[in-house]
Amino acid sequence: MEKTELAGMTQEEITGWVREQGFPAFRGKQIFEWIHRGADFDGMTNLSLEMREKLKSCAVAQSVSIRLHRKSELDGTVKFLFELTDGNCVEGVLMRYRYGVSLCISTQVGCRMGCRFCASTLEGRVRDLTAGEMLGEILAANRFLEEEKEKVSHVVLMGSGEPLDNYEQVIRFLKLLREENGIRISLRNVSLSTCGIVPRMYDLAREKLPVTLCVSLHAPNDEIRKKTMPVANTWSIKEILEACRYYIRETGRRVIFEYALVDGLNAGTAEASALAELLRGMQCHVNLIPLNEVKERNLKGVSEDTVRAFMRILEDRRISVTRRREMGDDIEGACGQLRRTVINTQPTA
Ligand code: SAH
């Protein structure tokens, strides 16, 4: 019999489940609180030993563990390889900022979007993560941080996977973050990055959750975008920007466009001007990403001068722009790279 995964349930759902197991309803709140504090059944000290054993036999409290981690000597960034109960692994990255601790989590094992620059998609999608596993990535990181008396305060859905290709579980996960008695991470501290699945962007806007929407644009026109992103064959940049304007109207939040500069493809001054023209008048921000060169891909990054020239053009046109800080450069910080170094030793579903 497959064990019940409790981490993906609301307090109300756990309470219902606990009663079905023959225990009093108030145990539901206790178990819910323990799970969100990162405890496994053994640590649930206000439950009887007998009850803990019974629960252990039919349910899972913590469905994510840390298989290995690498800590950057440069900036304290930690790269995790998280292990799921079926043996699959996904990556996460913990970054320390002045405002708090941010964790980048994965939403799928692998990815089926096929972006040419990305290491996560090289083997396609293995399976979706559950809401409980996404929460579990944060709980595992919190256990890791316990010694330092720190906790994850910000979450970005930018690890492996396309969040809007796993829509239902991602929304369930987001709602879990703000449940009473739970982990209590404000959705204002959460960013979700998509390659531009337009219908789901409208759905997300209608949920009216105050998460920051990030869109991987990477090109100022469809012709260039199609060269690296297969999803560009399904939805045009025009459709994506319309969906973004709708998102801004519904949530009152600006949208962030991610743009990785690739030598000879999208990084020239002509592309910078075209991008500025495209985004004119929009409540948005552009995040320039230095390309993390992935050895399986023959794409090259650009020089510092090229980044500066590109930035300058956007700034001159009053487009808010920053370049992403390169963190954890010494620990294979790029999407999917760490997992690939151990992928051959792990089962796939
Ligand atoms: N599927 C989502 C989120 C995962 S990728 C999305 O497409 O947005 C997170 C970000 O990293 C995306 O902007 C993605 O385009 C970018 N990315 C992937 N591989 C990269 C690489 N090798 N160098 C720089 N950015 C990369």
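Predicted model: local features only at pLDDT ≥ 70, side-chain atom pairs only at ≥ 80, totals over all residues.
**Asking how the terms apply**

Me: How does the lining of the second largest pocket divide into nonpolar, polar and charged residues?

Reply: The lining holds three nonpolar, three polar and five charged residues.

Residues are numbered from 1 along each chain as its sequence is written, and side-chain values use heavy atoms, leaving out hydrogens and water.

Me: What makes a set of points a pocket, and which residues line it?

Reply: On a 1 Å grid over the protein atoms alone, a pocket is an open set with protein on both sides within 12 Å along at least five of seven lines, and lining residues have an atom within 4 Å of a point. The second largest pocket has a volume of about 190 Å³, the space filled by probe spheres set on its points. Helix H4 (residues 131-145) gives the most to this lining, with three residues; helices are DSSP runs of H or I with at least four residues, strands are runs of E with at least two.

Me: Why is Thr 107 called buried?

Reply: Buried means under 20% relative accessible area (exposed is over 50%, partly exposed in between; 1.4 Å probe, protein chains only). Thr 107 has 1%, so it is buried. Thr 107 sits in the loop between strand E6 (100-105) and strand E7 (108-110). Beyond four places in sequence, its contacts (heavy atoms within 4.5 Å) include Asp 128, Met 134 and Gly 161.

Me: And why is Ser 120 buried?

Reply: Its relative accessible area is 4%, so Ser 120 also counts as buried. This residue is in the loop between E7 and strand E8 (125-128). The C-alpha atoms of Ser 120 and Gly 161 are 7.2 Å apart, across 41 residues of chain.

Me: How do you know that the radius of gyration of the chain agrees with a compact globule?

Reply: The rule is 2.2 Å times the number of residues to the power 0.38, over C-alpha atoms. For 349 residues a compact globule would be near 20 Å, and the chain has 21 Å, so the two agree. Buried residues make up 57% of the chain.

Note on methods
1 Å grid on protein atoms, 1.4 Å probe; cavity = no way out; pocket = protein on both sides within 12 Å on 5 of 7 lines; lining within 4 Å. Nonpolar A, V, L, I, M, F, W, Y, C, P; charged D, E, K, R; others polar.
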